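Me: Hi! Could you walk me through the pockets and a helix contact in this one?

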Amino acid sequence: TVNAFALKPGGDVFDPYDGVEDYRNKILRVVGTPRMIYREHPETLMRIAGYIAEYGYEPDNDTSRFASRDAANIMAVERYVWTEEMNKILLSPYLDRGLEWLLSTGILRFLLPEVVSLVDFHKSCAVHHKDCWDHTVKVTQKANADLCTKWAALCHDIGKIWTRSVDRNRQVHFYRHEEYGAILFEGIAARFHMDEELAFRVASVIKLHGRVNLYESNWTDSAIRRLIRDSGIHLEDLIRFSKADFTSKRPERIATIRRQLEELEIRIAE
């Protein structure tokens with residue numbers, strides 16, 4: 001309804017669906033009845049999420065209630081629409097709200113079950129580790145506004161579900177989750193009919209993203225050269241991603257990470 005009002009040439013407002021009021025209240029409602037909209041036009045399921053991500057508005061109860069009922073209808077939507085709408089969501093300022101709505105209505109489990117698996121994953125372990133879903137949303141929100149970095153942020157930890165282990169000292173590990181995550185992303189890219197070049201870049205960032213995060217100032221020049229060689233054409237993408245891949249609330253830790261990344265960039269250039 002917020003897109004369904006206009007000004008007449010004389011200056012009067014044409015507003016048949018009370019869109020002005022919804023605009024003022026920052027409410028999203030579908031034109032017509034939500035009882036049938038997602039059955040007749042299932043692509044609306046993703047477009048609502050796109051409007052949430054773009055404007056930060058809240059959908060009304062019926063808009064969300066019937067979206068939950070008809071979430072499976074997303075399967076009837078052409079895959080290119082999935083890709084276009086998800087790209088818009090990932091590049092929008094309130095993408096976290098869009099993703100949360102897709103999750104709460106059940107739509108996301110049809111689109112990205114690998115990502116949904118991260119929700120409450122930390123609660124299934126007797127030993128504490130970070131909330132992977134919360135971390136994923138925050139990193140995706142922070143990530144540089146290009147599709148490679150956004151998709152990599154959204155999917156970079158999906159391999160952790162199948163690689164978690166706990167050692168005798170009760171330390172949690174996710175050995176080689178990067179590599180397995182890249183394999184899982186190949187399935188996501190195929191499901192979304194993603195552009196092959198973009199899919200290759202994203203999968204490469206997921207596979208290699210741990211390398212840059214390991215950097216310490218005591219690395220030798222040969223170690224820097226090895227990073228450059230192993231990263232190949234993906235080095236800039238990896239550094240761009242690493243600048244978002246931390247969610248610490250401690251100012252000193254944030255400052256340390258930023259300083260290390262700046263130092264790494266300088267050493268790579270040298």
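Reply: Happy to! One term to start: Ala, Val, Leu, Ile, Met, Phe, Trp, Tyr, Cys and Pro count as nonpolar, Asp, Glu, Lys and Arg as charged, and the others, Gly among them, as polar. The residues lining the largest pocket divide into nine nonpolar, 11 polar and 12 charged. This is a predicted model, where local features need pLDDT of at least 70 and side-chain atom pairs 80 or more, while totals for chains, interfaces and linings use all residues. Residues are numbered from 1 along each chain as its sequence is written, and side-chain values use heavy atoms, leaving out hydrogens and water.

Me: What volume does the largest pocket have?
Reply: About 900 Å³. On a 1 Å grid over the protein atoms alone, a pocket is an open set of points where a 1.4 Å probe fits, with protein on both sides within 12 Å along at least five of seven lines; lining residues have an atom within 4 Å of a point. The volume is the space filled by probe spheres set on the points, joined across faces, edges and corners.

Me: And which lining residues are closest to the centre of the largest pocket?
Reply: Of 32, those are K130, N213, D245, F246 and R253.

Me: New topic: at what angle do α13 and α15 cross?
Reply: Roughly 85 degrees, with axes (lines fitted to C-alpha atoms over the stretch in contact, angles running from 0 to 180 degrees between N-to-C directions) coming within 10 Å. So α13 is roughly perpendicular to α15 (65 to 115 degrees). Helices are DSSP runs (H or I, at least four residues), numbered from the N terminus.

Me: Which residues make the contact?
Reply: D221, I224, L227 and I228 of α13 with L264, R267 and I268 of α15; contact means heavy atoms within 4.5 Å.

Key:
Helices (H or I, at least four residues) and strands (E, at least two) are DSSP runs, numbered from the N terminus. Angles under 35 degrees count as roughly parallel, over 145 as roughly antiparallel, 65 to 115 as roughly perpendicular and the rest as oblique.
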